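This report goes through the packing of one predicted model and then turns to a few single residues. Please keep the sequence and the structure in view while reading.

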Amino acid sequence: MNKLDKDEQRLFDLLPKGMERPRPLKELVNLTGWPSRKVRGTIYRLIVLHHRPIGAIYQQPGNGYFIITNDTERNKALAPLTSQIAMMTKRAQVISNSKLEEQS
């Protein structure tokens, strides 16, 4: 696991431990002063490159990011990702198998 750079550490320190009060993207944008794209990209790097267990809740109210601290939180964070993967796979299969109209 590589050492976190200054921005990665700053964002990681803003994430709450546990999902009781996840920190919304908008709040992270306000706290860092970064565009939402940078915040999401930094979260991606923390998860994929640094193997930090960061989860997200996408339901209102109470959406946001948090540091996963137990298996229940892990499963709740994985559920929407698993569902999204299944939906995207189905969509890709339909597009791949669709009959195309001949252009003249």
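Leu25, Leu28, Val29 and Thr32 in helix H2 meet Ser36, Val39, Arg40 and Ile43 in helix H3, where contact means heavy atoms within 4.5 Å. Helices (H or I, at least four residues) and strands (E, at least two) are DSSP runs, numbered from the N terminus. By class, the contact of H2 with H3 has 5 nonpolar, 2 polar and 1 charged residues; Ala, Val, Leu, Ile, Met, Phe, Trp, Tyr, Cys and Pro count as nonpolar, Asp, Glu, Lys and Arg as charged, and the others, Gly among them, as polar.

The model is predicted, so that local features need pLDDT of at least 70 and side-chain atom pairs count only at pLDDT 80 or more, while totals for chains, interfaces and linings use all residues. Residues are numbered from 1 along each chain as its sequence is written, and side-chain values use heavy atoms, with hydrogens and water left out.

**How the helices pack**

Axes are lines fitted to C-alpha atoms, for helices over the stretch in contact, and angles run from 0 to 180 degrees between N-to-C directions.

| Pair | Angle | Axis distance |
|---|---|---|
| H2 and H3 | about 105° | 9 Å |
| H1 and H3 | about 95° | 10 Å |
| H1 and H2 | roughly 130° | within 11 Å |

With its angle of about 105°, H2 is roughly perpendicular to H3. Angles under 35 degrees count as roughly parallel, over 145 as roughly antiparallel, 65 to 115 as roughly perpendicular and the rest as oblique.

Helix H1 (residues 6-14) and helix H3 (residues 36-48) pack at about 95°, which makes H1 roughly perpendicular to H3. On the side of H1 this contact is made by Asp7, Glu8, Leu11 and Phe12, and on the side of H3 by Lys38, Val39, Thr42, Ile43, Arg45 and Leu46. Sorted by class, the residues of the contact of H1 with H3 are 5 nonpolar, 1 polar and 4 charged.

The axes of H1 and helix H2 (residues 25-32) cross at roughly 130°, and this makes H1 oblique to H2. Here Arg10, Leu11 and Leu14 in H1 meet Leu28, Leu31 and Thr32 in H2, and the contact of H1 with H2 has 4 nonpolar, 1 polar and 1 charged residues.

**The nonpolar cores**

In soluble globular proteins, nonpolar side chains tend to be buried together. A nonpolar core is a set of buried Ala, Val, Leu, Ile, Met, Phe, Trp, Tyr and Cys residues joined through side-chain atoms within 4.5 Å, and buried means under 20% relative accessible area, exposed over 50%, and partly exposed in between (1.4 Å probe, protein chains only).

The largest nonpolar core has 13 residues, of which Leu11, Phe12, Leu15, Leu28, Ile43, Ile54 and Tyr65 touch the most other members. Two or more residues of this core come from each of H1, H3, strand E1 (54-57) and strand E2 (64-67), and H3 gives the most, with 3 residues. Apart from this core lies another, of 5 residues, among them Met19, Ile57, Ile68 and Ala77.

Leaving out residues up to four places away in sequence, Leu11 touches Leu28, Thr32, Trp34, Val39, Thr42, Ile43 and Leu46. Met19 lies in the loop between H1 and H2 and, leaving aside its neighbours within four places in sequence, is in contact with Ile57, Phe66, Glu73 and Lys76.

**Single residues**

Glu8 has its place in helix H1 and is buried, with a relative accessible area of 4%. Not counting residues up to four places away in sequence, Glu8 touches Lys3, Thr42, Arg45, Leu46 and His50.

Most residues other than glycine have a negative phi, and most peptide bonds are trans. His51, in the loop between H3 and E1, has a phi near 55°, a positive value in a residue other than glycine; at 58% relative accessibility, His51 counts as exposed. A cis peptide bond joins Gln60 and Pro61, with omega about -10°, and Pro61 is in the loop between E1 and E2.

Pro80 lies in helix H4 (residues 71-97) and counts as partly exposed at 29% relative accessibility. Although Pro80 and Ala56 are 24 residues apart in sequence, they are 9.0 Å apart in space, C-alpha to C-alpha.
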